[in-house]
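Keep the viewer open as you read.

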Amino acid sequence: MNDHGDETLERLLSEARAAPPAMPRGMLARLEAQALTVQPRAALWRRMVDSIGGWAGLGGLVTATVVGFWIGVAPPDGIATQVDLLLGDDVTMPVLMGAGWDFDEG
Amino acid sequence: MTINAETKARRDSDAALLQRYVAGDEAAARLLTHALAPRVYAHAARMLGNAAEAEDVTQEAMMRLWKKAPDWDGAQAQASTWLYRVTANLCTDRLRRNRDTGAEMPDLADPAPGPEALLQDAARHDALQAALDRLPARQRQAVILRHLSGLGNAQIAEILEMRVEAVESLTARGKKALSALLAGQREELGFSDE
């Protein structure tokens, strides 16, 4: 075997290892698009959960819903007062009685 | 980490990513593409010596991986080993077809440093590629996987579906043939005055 041939080969292999063939411009993007095109779609419930921020987002949403419902059913004292301040107290207006339309038959 | 532990970790990681891919996780699709496609392309380009053919082979190999993903068995080979095997077979098919039709394959474009360095690099690249092109396909596969892609003999044996001893013999014969082909080109390739 030729020593120069061995040495030349080792140097060529070393250089080739250091500079592997690079993919043409845009090829990686095309391959990504291809991968996504044939990718199985996630189930509908999974996509909905992902769209609100995954399991953490879903947890927050459920907590907020439960707390809101609970406040509606049994509002704490402080909150009831604030609502009264905002909307005012219930008022019963005896409109019909006051107009004198409640006359006796006869 | 031992080699076996490392191999198992990679296999598990490939399997987990493929599971995520099948579940519709787009990030997994991107991660797998970025990790695997450049290696597939490099191997195909060195085997075929042609960028367009290498791109076609890479697209086909990656497409086969995506189609295989729903049935991927986590206990089987690493995804990269499986892909190298698919790539090796696709390249062999192309080489056979090109030989049968007598098709000429243009050279790969080289990355470009300065003008003189470019010429020298291109000459060296061409000399190695020309020598590789003259090896029988199996020897070429083995030499490229061992000495350019840097894979171990056990993984190459799995890719080429042969015994480790046969891989060692193939790479040794391949290197010997390459040395003989490159003998006498040392000065021509600019190695004598460095």
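Chain A exposes about 8,300 Å², and carbon and sulfur atoms supply 64% of that area. Keep in mind that this is a predicted model. Of the 106 residues of chain A, 16% count as buried.

Now over to chain B. Buried residues make up 45% of the 194 residues in chain B. The element count is 8 helices and 0 strands, which read α-α-α-α-α-α-α-α from the N terminus. If you take the contacts in chain B between residues at least 6 apart in sequence, 65% of them join residues at least 24 apart.

For a look at helix packing, pick out helix H6 (residues 137-148) of chain B and helix H8 (residues 164-182) of chain B: their axes come within 8 Å and cross at roughly 95°. An angle from 65 to 115 degrees counts as roughly perpendicular, so H6(B) is roughly perpendicular to H8(B). On the H6(B) side, the contact is made by Arg138(B), Gln139(B), Ala142(B), Val143(B), Arg146(B) and His147(B). H8(B) brings in Leu170(B), Thr171(B), Arg173(B), Gly174(B), Lys175(B), Ala177(B) and Leu178(B). Sorted by type, the residues of this contact are 5 nonpolar, 4 polar and 4 charged.

Next, the rings. How many aromatic pairs does the structure hold over all chains? There are 2. Tyr21(B) and Trp66(B) form a stacked one, at 4.5 Å centre to centre with 25° between the planes. Planes under 30 degrees apart count as stacked, which is why this pair gets that label. Tyr21(B) sits in helix H1 (residues 3-22) of chain B and Trp66(B) in helix H3 (residues 51-68) of chain B, so the pair links distant parts of the chain, 45 residues apart. Tyr21(B) is buried, with a relative accessible area of 0%, and Trp66(B) is buried too, at 3%.

Trp72(B) and Trp82(B) form an edge-to-face pair: 5.7 Å centre to centre, 80° between the planes. Trp72(B) lies in the loop between H3 and helix H4 (79-101) of chain B, while Trp82(B) belongs to helix H4 of chain B, 10 residues apart.

How values were computed:
Residues numbered from 1 in each chain as written. Chains lettered and ligands numbered in written order. Predicted model: local features only at pLDDT ≥ 70, side-chain atom pairs only at ≥ 80, totals over all residues. Heavy atoms only, no water. Helix = DSSP H or I, 4+ residues; strand = E, 2+ residues; numbered from the N terminus. Buried < 20%, exposed > 50% of the residue type's maximum accessible area, 1.4 Å probe, protein only. Contact = heavy atoms within 4.5 Å. Areas by Shrake-Rupley, 256 points an atom, 1.4 Å probe, with all protein chains shown as cover. Axes fitted to C-alpha atoms, helices over the stretch in contact; angles between N-to-C directions. Parallel < 35°, antiparallel > 145°, perpendicular 65-115°, else oblique. Nonpolar A, V, L, I, M, F, W, Y, C, P; charged D, E, K, R; others polar. Phe/Tyr/Trp six-rings, centres within 6.5 Å; stacked < 30°, edge-to-face > 60°.
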